[in-house]
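Student: I am new to this structure, and I would like to understand the words used to describe it. Could we go through them one at a time?

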Amino acid sequence: MKATGIVRRIDDLGRIVIPKEIRRTLRIRESDPIEIFTGREGEIILKKYSPIGEMNTFAKQYAESLCQVSGHIAVIADRDQVIAVSGGMKGMLGKELSKELEDKMNNREMVMATKGEKAFIPIVRGTADEFSQEAICPIICEGDVIGAVVLISTSDKGKMGEVEQKLMQSAAGFLGRQMEQ
């Protein structure tokens, strides 16, 4: 654990304010769920909760299935990072999502784009995109965006179309419903 030097008092309702600097650094937004742990020596540990991250094994299997059916690289992300990749580009796993992808997810927008088009956005921060096509669909659970399903292609052969769009919507809908149970 790393000390921050910040001390906060508990108010009469038992609340503690997490300083803005820490929220910004850890990318914690208003209404984000926080998981609470206790340590052996009386510590209280707060961790940003990722509901879709809880399904890591399932997300990985689903990405593999999506990759086999579509013939494209399949990526599943929670609101902050890539949690499953299948079909290549394993280096994306665990990487932080790009600001552009976060914005598309928060606006509940689907993206179908080819490199060079205005709609084409980076998937993860700080890396050059090594693919030529992308299809992105937000995962919605109980009215909240909890992540995204992404198909990417490194091939210039054939443009992604309605089949990929329907596949993405089905995958995102299925994952969203799985989280509701």
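Tutor: Let us start with the largest pocket of this predicted model, where β2 supplies five residues, the largest share of the lining.

Student: What is the volume of the largest pocket, and which residues lie nearest its centre?

Tutor: The volume comes to about 900 Å³, and among the 23 lining residues, those nearest the centre are I18, I22, I44, I45 and L46.

Student: How do the residues of that lining divide into nonpolar, polar and charged?

Tutor: The lining of the largest pocket holds 15 nonpolar residues, along with two polar and six charged ones.

Student: Where does L46 lie in the chain?

Tutor: L46 belongs to strand β2, which covers residues 44–48.

Student: Why does L46 count as partly exposed?

Tutor: Its relative accessibility is 48%, and since buried means under 20% and exposed means over 50%, with partly exposed in between, the value for L46 falls in the middle class, so L46 is called partly exposed.

Student: What makes the nonpolar surface patch, and what is its area?

Tutor: I36, I44 and L46 make this patch, which has an area of about 340 Å².

Student: How many helices and strands does the protein chain have, and what pattern do they follow?

Tutor: The protein chain has four helices and seven strands, and along the sequence they follow the pattern α-β-β-α-β-β-α-β-β-β-α.

How values were computed. Residues are numbered from 1 along each chain as its sequence is written. This is a predicted model: local features need pLDDT of at least 70, side-chain atom pairs count only at pLDDT 80 or more; totals for chains, interfaces and linings use all residues. Side-chain values use heavy atoms; hydrogens and water are left out. Patches are made of residues with over 30% relative accessible area and no salt bridge: like charges are joined within 9 Å, nonpolar side chains (Val, Leu, Ile, Met, Phe, Trp, Tyr) within 5 Å. Accessible areas come from the Shrake-Rupley method with a 1.4 Å probe; for residues, only the protein chains shown count as cover. A salt bridge is a side-chain nitrogen of Lys or Arg within 4 Å of a carboxyl oxygen of Asp or Glu. Helices (H or I, at least four residues) and strands (E, at least two) are DSSP runs, numbered from the N terminus. Buried means under 20% relative accessible area, exposed over 50%, partly exposed in between (1.4 Å probe, protein chains only). On a 1 Å grid over the protein atoms alone, a cavity is a set of points where a 1.4 Å probe fits but cannot get out, and a pocket is an open set with protein on both sides within 12 Å along at least five of seven lines; lining residues have an atom within 4 Å of a point. Grid points are joined across faces, edges and corners, and a volume is the space filled by probe spheres set on the points. Ala, Val, Leu, Ile, Met, Phe, Trp, Tyr, Cys and Pro count as nonpolar, Asp, Glu, Lys and Arg as charged, and the others, Gly among them, as polar.
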